Structure formats: C-alpha cells, structure tokens
Amino acid sequence: MSSQDNSKDNSEENLPQQPEGADSGALSKRDDPFANPGLPPHEHRVQDIDEQAAKRSERAVAGLFTLSMLSTIGFIVSYVSFDIDKIVYIFPIGRVSALNFSLGMTLGLALFCIGAGAIHWARTLMTDVEVAEERHDLDASPEVREEVLAGFQEGARESDIGRRKLVRNTLIGAVAMVPLTGLVLLRDLGPLPGTKLRHTKWAKGKMLINENTLEPLRPEDISVGSLTFAMPEGLSEEDHDFHNEIAKAALMIVRLQPENIKDKRELDWSHEGIVAFSKICTHVGCPISLYEQQTHHVLCPCHQSTFDLTDGGRVIFGPAGHSLPQLRITVNDKGYLEAMGDFAEPVGPAYWERG
Amino acid sequence: MSTATDTRRKKAPAGERVADWADSRLGVYSLAKANLRKIFPDHWSFMIGEICLYSFIIIILTGVYLTMFFNPSMGEIVYHGDYVPMQGIRMSEAYASTLDISFEVRGGLLIRQIHHWAALIFIGAMFVHMMRVFFTGAYRKPREMNWVFGFLLLVLGLFTGLTGYSLPDDLLSGTGVRFTQGAILSAPVIGTYLSMFLFGGEFPGHDFVGRFYSIHILLLPGIMLGLVVAHLIMVFLHKHTHWPGPGKTNTNVVGTPFLPVYMGKAGGFFFLVFGVIAAIAAVATINPVWAIGPYRPDQVSTGAQPDWYLGFAEGLIRVMPGWEINAWGHTLVLGVFIPLLIFPLLLVSIAAYPFVESWATGDKRHHHLLVRPRNAPVRTGFGVAWCVSYLTMLVAGGNDIWATHFHLSINAITWFSRVAFFVAPVLAFIVTKRICLGLQRRDKDKVLHGRESGIIKRLPHGEFIEVHEPLSSDELHTLTAHDQYKPLELEPEVDENGVVRKPSRSEKLRVKLSKGLYGEDTQIPKPTPEEYKEITSGHGHH
C-alpha cells in the first residue's frame with residue numbers, strides 16, 4: 001500500500017484553509033469582509049423584560065403539568081371502569097376498543113403535557129443566552145502519548161512476550177482454538193440436511209385428501225376453473241410434524257382440457273386433464289394461492305412468480321427460477337385420486353444440493 | 001444567630017450530602033464538572049437523533065412488560081380464549097399468548113401497539129438521523145467511529161425488528177420467516193446447513209420462535225444498548241457539531257448549557273415522543289395478528305409485506321430475474337442469492353463512505369463545523385442516489401399493492417423497477433448535483449450583489465435598475481464559511497531530476513476519486529474578498 005507516502009505527498013497544500021477563530025484579531029476582520037463577526041448580541045425575549053409575560057409562561061407550564069396529573073388519574077379511572085371487550089364508536093377513527101383508546105389517550109396526554117411543559121419552561125423561562133465553549137481535540141498531548149507508549153513497551157518487555165516466542169505462539173494458538181468449542185456446541189442446533197428436502201409425504205397409492213373437507217378426492221370433485229388444495233392421506237393436523245410435512249406436501253389440483261395441455265409429460269402424469277402441482281413456490285417457498293381461470297396461470301402472492309399450469313408449471317414471470325414440480329396421479333379401484341409416487345424432484349426453493 | 005450558621009455549616013443541605021456520599025464512592029463531582037454545564041448547540045435537525053434514543057428506551061420499557069405475558073413456545077394448542085372468532089382453532093402458544101395480550105390483559109394491546117409503533121419510528125428516525133449526519137458532513141473526523149456505531153445500530157435494529165415481528169407466529173410473519181428461510185437456502189454450499197441449524201431441522205419446526213425470542217430480547221438489544229451508550233459517550237466527548245455562523249468556529253461550540261436548558265428541552269422531548277407514540281397506539285392499529293390468523297406453511301394471504309424498513313430487501317428479491325445455474329449436480333440460486341448479497345452491500349456502502357472520502361481527500365483534520373448539503377454536491381448527490389435506490393426497491397417491494405390500488409400491470413411495475421434500480425440513482429445523482437451547483441451560484445450571487453430588495457429605481461436618464469441590499473457581515477460570513485477542496489493531481493511520472501516514478505494503482509484511484517469529488521464541475525468557486533471589494537467599491541455595479 002502506498003497510502004503512507006501519499007499522505008506525505010499531499011499533506012496540506014491541497015486542503016483549504018480552516019476558517020479562523022472568531023477572535024482572530026481586529027486587523028483581519030477589517031481586512032476581510034467575510035471574517036467571522038463574532039457572537040451577535042443577545043436579544044431579549046418578552047419574558048426577560050416583562051415579568052407579567054414571565055408569570056403567564058409560569059402559569060402555562062404549571063397548567064400543563066396539572067393537566068398531566070389529571071390525565072394520569074384519567075388513565076387509572078379508565079383502567080378500572082372500562083370492560084376489556086367494550087367497543088365504542090369514535091369519530092373519525094371508527095369502532096375501537098374503549099379501553100385501548102382511553103388508556104392510550106390519557107397516557108399520551110399525561111406524558112405529552114410533561115414534555116410540553118418542560119420544553120415551554122426551557123424555552124421561555126430558562127436562559128437563552130448562547131455561550132461559546134472551547135473544543136479540545138481528543139488527541140493526547142505528545143508527552144502523554146510518549147508516556148503511554150513507553151509504559152506499554154515496558155509492560156511488553158517485562159512480560160517477555162517478544163523474547164519468549166514459544167510462549168507467545170502457543171498462546172496465540174490456544175486463544176485461536178478455544179472458540180472452536182463454542183462452534184462445536186452449535187452442532188446440535190439441528191440435524192444435518194441429508195436428503196430431507198428431497199422427500200415429501202407423498203408415496204405410491206396415497207390418496208389425495210381435500211384440505212377443507214378432509215375427504216378423499218374423486219375426479220368428479222374437481223371442476224373446471226376451480227383450484228383445489230390437497231394433502232396426502234395419513235397426514236393429520238394433530239401430528240407432531242404436521243407443519244414440516246405440509247410445508248413440503250401441499251398440493252394444488254386443477255382440471256384442464258386435455259387438449260390444452262402443451263407439455264407431453266404433464267399430460268402423461270395427469271388424469272383426464274386433472275393435474276396436481278406442488279403448492280410451494282419454487283422461489284422462496286410461499287404457498288401459491290392465486291389462480292387465473294382463463295389462462296390457467298397461478299401466481300404466488302408473495303413475490304408474484306407466475307407459472308403456466310398448461311405447460312408443465314413453467315415459470316412465465318417473476319423471480320422463481322424453475323418450474324413447479326408435478327405429482328403423477330391416477331385413480332384407484334375405488335374411484336379416488338391417488339399419487340403414483342413422490343414428487344420426482346425436490347419441492348420448494350432451490351438450494352445448493354438440489355442439482 | 002451564630003448557632004444557626006453553625007448548624008448550617010455542620011449540616012449541608014440533604015441533596016449536597018447525598019452528592020458528597022456518592023462522590024466518595026462513584027466520583028460524581030469529576031464527572032459532573034465536565035458535563036453538567038456542557039454546551040449544546042441548537043438546531044432542529046439535531047433533534048432526530050433524540051427521537052431514536054427515546055423510541056429505543058420506549059421499546060425496552062414496553063418490551064420488558066410484554067415478556068411478562070408472552071409465551072415463546074411453538075407448542076400447539078386449541079384456542080379457547082376470549083377472542084371468539086379464533087375459538088377452536090389450532091395455533092401455537094406464541095400466537096395464543098399474543099391474543100391473550102391483546103384481548104385479556106388490560107392495556108396489553110396498548111403496550112403491544114406502543115412497542116410496535118416505537119420500533120417503526122425508531123428505525124425510521126435512525127434513517128433520517130443518518131441522513132442528517134451524512135448530508136451535513138457530520139461523520140468526518142473525529143466522528144467516523146460514531147458513524148460506524150450508528151450504522152451498526154441501524155443494522156441490528158433491522159434484525160431486531162425482523163426477529164420481533166416474527167414472534168407472534170401469525171400467518172403474515174410466518175410467511176416472512178419462510179421467505180428468510182428460502183433466502184438462506186440459496187447460499188451456496190452452506191445454505192441447507194444454516195437452515196437446518198437455525199430452525200432445528202426442517203422448516204418451520206418447533207424451535208424458531210424460542211430462538212428468535214432470545215435473539216430479540218437478549219442478544220441484539222444487549223449489543224444495541226452497549227452501542228447506544230458508547231454512541232452517547234462519544235457525542236459528549238467530541239461535543240456536538242454546529243452550523244457555521246457568527247461566533248461559531250471549528251474550535252468552539254456555541255449553545256446553551258446542558259443543565260438546565262438542554263435537560264429541560266431534551267428531557268421534555270422524551271415525554272413528548274412517548275406521549276405521541278402512546279396516542280398513535282391508541283388510535284392506529286398496528287399488526288392486528290388476530291385478523292390474520294395463526295401460521296400454517298401451506299396458507300398465505302395476499303398483499304404480504306414485511307415491516308417497511310425491510311421493504312427494500314423484499315423489493316430486491318421481487319425484481320430479480322430467476323436465474324439458476326445447474327451444473328455438476330449442484331444448483332447456484334443466483335435469483336435469490338444476488339439480492340441476498342446486494343442487501344448487505346447497499347448497507348455497507350454507507351458505512352464505508354466516510355473512510356473512502358477521507359482517503360480521497362487526504363484530509364486528516366478535525367471537523368466540527370457542519371457543511372450545507374449544497375456545498376458538497378458530489379457527496380449530496382451520492383447520498384440522494386442511495387436514498388433513491390432504497391426507495392426504488394421499497395416501491396418494488398410493494399409492487400402488488402401498487403398494482404391493485406392503481407390498477408396497473410404487475411409485470412409493467414416489475415419491469416419498471418428493474419430498469420429504475422439502475423437508472424434512477426444515476427438520474428438522481430445528476431439532478432441533485434446540478435441543484436446543488438445552482439444553489440451555490442445563488443449564494444455567490446447573494447454575497448457579491450446582495451439581496452434583491454424588490455425596489456425598482458428609475459435613473460435620470462431613464463434606465464430602470466433594481467436595488468440590491470448588501471448582506472450583513474453575519475450573513476456574508478455564514479455563506480462563505482465552507483471549505484472548498486482542490487482535487488489531487490498525479491505527480492509527474494518524470495521528476496525534475498529525470499527520475500521515472502510510476503504512480504501506483506491505488507494512487508491513480510485516489511486521484512480519480514478526488515477529481516470526482518472536487519474536480520471540474522463539482523463546485524462553484526466561492527467568492528473571494530477581492531471580488532467582493534471590487535464589486536462593492538464601484539457604485540455602477542449591481
């Protein structure tokens with residue numbers, strides 16, 4: 001780095017002169033029309049010269065403090081007198097909780113009046129004479145600097161850290177290594193990823209259960225133009241891992257006209273035009289829930305990734321990086337829709353090991 | 001009579017005796033000597049930092065209250081509480097206890113809303129406070145470290161906000177947590193591991209509310225409290241900056257004493273801020289989790305937005321094209337990972353600016369006088385460009401809201417945002433710089449020719465002239481008090497002795513930066529006393 005010699009080269013001459021102090025002498029002041037004229041004379045406020053005005057200010061401040069006391073009493077009264085579920089109409093806000101409104105307003109007023117009173121006091125009755133105070137740079141004097149550096153060197157010498165390299169190096173090693181224990185302890189924060197993100201609860205023969213009715217779905221339940229949400233058979237809200245499983249297994253089902261399906265594999269994996277896609281957006285994992293009936297596009301409401309369900313769940317707009325995974329379905333001998341296996345690829349957002 | 005004076009001498013007033021007691025043990029007199037009558041300059045813009053401090057205190061006070069009732073558990077229960085619409089619904093205990101705070105604890109809703117409003121105001125005030133410091137050059141030596149402290153407070157504030165609003169485990173915040181998890185997954189190599197370790201397994205698991213809780217109430221606020229104290233100590237040590245003006249110099253500070261004036265104003269202002277936030281919490285609902293419902297990973301509501309301060313991260317992720325590179329059995333999720341990198345880069349750029357500037361200028365002097373934004377056009381332009389890119393992404397983060405409220409195409413808004421992310425900051429920079437230069441010209445004009453009085457005079461030979469009033473010496477000084485830097489020049493490659501010396505790359509960069517900051521077209525030379533005297537001495541000039 002050459003910044004050191006740089007700072008030598010252009011030490012000061014490129015820098016503008018620092019403005020001189022106010023007391024830099026009458027000579028330069030006369031000479032320089034832009035010189036600092038010094039602090040202007042103090043202008044008296046009305047309270048400084050008129051005791052009547054000062055008394056008025058005093059009364060205003062005291063009035064504000066008194067109002068604050070009354071508000072605090074109002075707060076306590078509100079707390080004990082309003083039921084927590086009482087709703088009142090307040091113009092122009094509308095229907096609000098009486099307790100929340102009265103507590104908040106009285107508390108707000110009690111605090112505000114203390115503040116307003118104190119500030120009014122400071123502005124009208126306390127001094128407003130501006131005074132100048134010298135600044136002192138934080139830099140220590142050269143003597144102090146020398147003393148500290150000498151002290152440090154003496155300490156370092158007495159410790160022998162410079163001479164006894166073995167002690168120094170092993171100390172550095174020990175201090176550098178000991179945080180590893182903390183790092184190791186973090187290991188049990190969670191399990192290793194393994195192939196957890198690759199698999200869902202779907203498996204061959206699992207029926208598609210309507211999320212709302214909790215009944216198995218039949219092809220005739222799926223009408224054109226509607227979006228149906230399903231979960232795998234055997235998954236229940238009461239399950240300990242329900243959230244983890246539904247976060248991957250959530251399914252959306254639509255009925256298309258088979259001739260409208262542009263993607264050959266999608267057609268093969270459908271049943272009489274009924275197609276089942278993962279509901280979890282391949283962008284960052286929001287559940288997709290908006291369906292455009294005319295175009296058979298689905299839109300993720302979080303970041304507006306748009307997928308074409310007639311074309312293999314292809315991304316047609318937005319930040320998602322790959323198509324929605326499709327679940328291969330068929331109808332079992334009882335006439336219910338069932339999966340022919342798990343998703344062929346991981347559902348949800350992409351990740352390093354996805355491939 | 002003498003007995004009375006004796007007893008008074010023996011028994012100092014109670015206050016003094018307490019102070020004496022404390023002094024022997026805590027050394028309060030030496031502390032107070034330096035600080036009790038410390039001079040604080042007055043300007044409205046210095047008040048914004050106070051709003052940050054006071055809202056931070058309010059957040060801590062109300063937050064402690066909330067911990068008494070909040071249950072940070074993801075254990076599932078069926079709700080049987082007072083809020084009828086949710087009865088019989090499965091939810092986590094975290095969500096249920098949030099409902100209890102809102103509907104069963106008297107005043108609980110108020111405190112919850114004060115807490116949330118204060119958090120929004122805290123972060124908003126930090127942004128504005130940083131803008132004040134940036135645009136007036138208050139971050140320059142010796143205050144660079146305090147700029148960094150403040151920057152860290154902003155970043156930690158963002159994450160404390162995120163971990164805080166995720167705690168109720170409602171549908172909206174859960175969706176935000178899912179987004180966070182999806183973004184973490186995009187990190188090459190370590191993404192899945194980070195996600196598994198953060199959530200104790202697969203998303204959502206049963207751990208994140210408890211973990212976010214300890215991060216939100218202990219880890220982050222603990223660090224922030226330390227930083228706030230350090231920040232304030234530094235303000236006291238450096239003494240506050242002040243604006244140039246009559247009597248104000250780089251070596252003094254002009255204002256009123258801490259006790260009583262500043263204490264009255266600033267102390268009173270705490271109550272003012274607290275009172276206003278309490279009133280806002282009384283009338284304006286914030287984060288009505290009861291209307292949103294508990295989180296389920298397969299459900300979502302439309303119009304999902306983070307709290308405003310993370311809107312720019314949301315925007316980055318929304319406008320980024322979905323690039324993915326698949327090779328050798330691995331996936332590089334650029335579409336998510338690039339926004340994840342831009343987010344910290346955008347933040348770090350403002351933290352680094354003071355150091356870049358001081359390196360480019362080579363200015364190692366102390367600066368206690370503020371600079372009007374117009375007198376540093378490139379700095380001001382850069383700051384405005386930063387704000388514009390932030391705002392562009394904030395707008396993009398609400399592209400669905402714009403689309404539904406103004407009946408616009410979401411695709412068009414997204415494309416607009418993509419272009420605007422690159423174009424708008426550049427335009428903002430150019431426009432801001434030009435405005436600054438224009439204002440500098442006007443200042444120069446005012447100094448040399450005086451203020452337009454609006455009086456038209458007709459001279460005997462028929463000419464009309466407008467009478468200009470000369471400025472007072474106070475105004476003349478104030479308008480010419482700013483520094484004007486000269487850009488660095490590369491030293492000649494061959495010096496007078498014929499020795500060839502090639503400038504290093506960092507030297508070249510430094511000169512380039514310096515020229516960019518102070519070179520041609522970056523400032524209007526301020527009027528010199530000679531110019532002034534020449535113009536004011538002859539009476540024919542106006």
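Colleague: Which residues of chain B does UniProt list for "domain: Cytochrome b/b6 N-terminal region profile"?
Modeller: The UniProt record, an unreviewed entry, gives residues 18-244 of chain B for that domain. Bear in mind that this is a predicted model.

Colleague: How far apart are the end C-alpha atoms of residues 18-244 of chain B, and how much of the span is helix?
Modeller: They lie 42 Å apart.

Colleague: Moving to contacts. How many residues of chain A are in contact with chain B?
Modeller: 96 residues of chain A, in contact with 112 residues of chain B.

Colleague: Which element supplies the largest share on the chain A side?
Modeller: α5(A), with 18 residues of the side of chain A that touches chain B. By class, that side has 54 nonpolar, 28 polar and 14 charged residues.

Colleague: Which strand of chain B is joined to β3(A), and by how many bridges?
Modeller: β4(B), residues 252-257, through four bridges, and the two strands run antiparallel. Within β4(B), B:V254 is the bridge partner of A:A132.

Colleague: Now the five-strand sheet in chain A. What is the strand order?
Modeller: The order is β4-β5-β6-β7-β12 in chain A, an open sheet with antiparallel pairing.

Colleague: What pairs with β12(A)?
Modeller: β7(A), residues 274-278, in the antiparallel sense over two bridges. A:F277 stands opposite A:Q326 of β12(A).

Key:
Residues numbered from 1 in each chain as written. Chains lettered and ligands numbered in written order. Predicted model: local features only at pLDDT ≥ 70, side-chain atom pairs only at ≥ 80, totals over all residues. UniProt positions renumbered as here; feature names shortened; annotations may be inferred. Pairing = 2+ DSSP bridges. Contact = placed C-beta atoms within 7 Å. Nonpolar A, V, L, I, M, F, W, Y, C, P; charged D, E, K, R; others polar.
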